[in-house]
Amino acid sequence: MLVQFIGLGYIGLPTAAVVAFKGVQVHGVDINPRVVECINKGEIHIVEPGLGSIVKESVNAGYFNASLTPIEADVHLVVVPTPFQGVHEPDVSYVEDATRTLLPLLKPSDTFIIESTSPVGTTEQMAALIFRERPELEGEIFVAYCPERVLPGNVLHELVHNDRVIGGLDEDSTERAMEFYRLFVQGELYGTNARTAEMCKLTENSSRDVQIAFANELSLICDRADINVWELITLANRHPRVNILQPGSGVGGHCIAVDPWFIVSDYPRESRLINTAREINNYKAFWCAEKIKNAILEFRLKHGRQPVVSLMGLAFKPDIDDLRESPARYIAQKVMQREQGDYLVVEPNIDSHGVYRLTDYREAYQRADIVAFLVAHREFKSLEWREDAVLLDFAGIFKRQAVQGFMSHA
Ligand code: SAJ
């Protein structure tokens, strides 16, 4: 069997490597020559624990190779990004381009699977495209959708152990796609149709977004009501049927901050809660930026000089190096573009940044008059509480000391 992956990014590369590591022949395709070159040397271009060694072994053993061009294969997987276009419209052009490059190579009995997060109906649309251009393949190939659901940082474990939802255009397609995933998935495989599988992915991430929005809304209320939101949530969660997530500086990443819009853009009248949750989570980042700006103004009025301001964290969530759609980075941009001042930017998970000069977290914490914790990185939790600075703890580093969702001293 020969398996072909179109897209060797955060999901395509680990999945391709896991399949190749099982001793299956894998051909990986990417449009970026540097990615292709890097993988063929047995190296990787993304940060993911454990990935480097299985890519190296699979490439060296001859099971995995990368290329700029697709070839004939038995199973084809499309694992490319689906970004926004315009305001909140999903852009499926990469999925369509990938499908088009495969068109001349498809042959009877092939299995064509889309993993890219996609609006409902995309798999049907791609099948229609294939059968319009290659009508002789109708009824001869198997077409399915199977969303990825792995957590960055724990990808290799979750690729194997998570349950998967697999939606074929017909029952034979579902069954064929399930046979493929049985090669490397130890979790349960659940068969359904393509539309339900597409919606399932969007639902999972929207569900988390709505739950985080509830926590963020509570943090805004508690800030006004003089209540420590962290303590409140801990106490409420002692109820056997309550499980509130954590507030933060907003919701980032390329999944949860993006996917709910795919539902809202197609079903705007029906998706009011999902839409509002997105707005609340985006607003939370704006609110944090405003709080920092106000603290700077207050400091100036009180002390007659510019404060030293430390912005702690740029990543989209704790303990990773990924800055995509990061609320922390948005806050840093917003604060620094408007207010003149002495800023120290901290991100312990990256060595350097194209725009900001990075400062060691201990030095930045000690030198600052105002400290804004934007991400709950583990390094920050080792810092001692400071009475002589203004601490804006949006990430819950000092949960017990916090009087409110954020706090202000000095
Ligand atoms: N966040 C909070 N409070 C919380 C939990 C998270 O503010 O209590 C924030 C994080 O700081 C981050 C954002 O939410 O900014 C998203 O982080 P995350 O850890 O919830 O999720 P991702 O984006 O890393 O991965 C998600 C996962 N989806 C779900 O948990 C439903 C993952 O399983 C998906 O595979 C991934 O999206 C994806 O690729 O779609």
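Domain bounds, as I use them here, come from an automatic or database domain assignment. For this protein, that assignment gives domain 1 (2–192) and domain 2 (228–409). Over C-alpha atoms, the centres of domain 1 and domain 2 are 35 Å apart.

Before going further, a word on the basis. What we have is a predicted model, in which local features need pLDDT of at least 70 and side-chain atom pairs count only at pLDDT 80 or more, while totals for chains, interfaces and linings use all residues. Residues are numbered from 1 along each chain as its sequence is written, and side-chain values use heavy atoms, with hydrogens and water left out.

Let me turn to the interface. Taking contact as heavy atoms within 4.5 Å, 14 residues of domain 1 touch 12 residues of domain 2. The two domains bury about 1200 Å² between them, 65% of it on carbon and sulfur atoms; buried area is the accessible area (1.4 Å probe) that two parts lose on being put together, summed over both. On the side of domain 1, Tyr10, Phe84 and His88 lose the most area to domain 2, together 39% of what that side buries.

How many salt bridges cross between domain 1 and domain 2? The rule, a side-chain nitrogen of Lys or Arg within 4 Å of a carboxyl oxygen of Asp or Glu, finds 0.

I close with the ligand. Of the 19 residues around the ligand (a heavy atom within 4 Å), Glu148, Val150, Lys201, Arg208 and Phe316 come nearest. A ligand nitrogen atom is 2.7 Å from a polar backbone atom of Gln246.

Technical notes: Polar contact = N/O pair within 3.5 Å; in protein donor to acceptor, adjacent residues only side chain to side chain.
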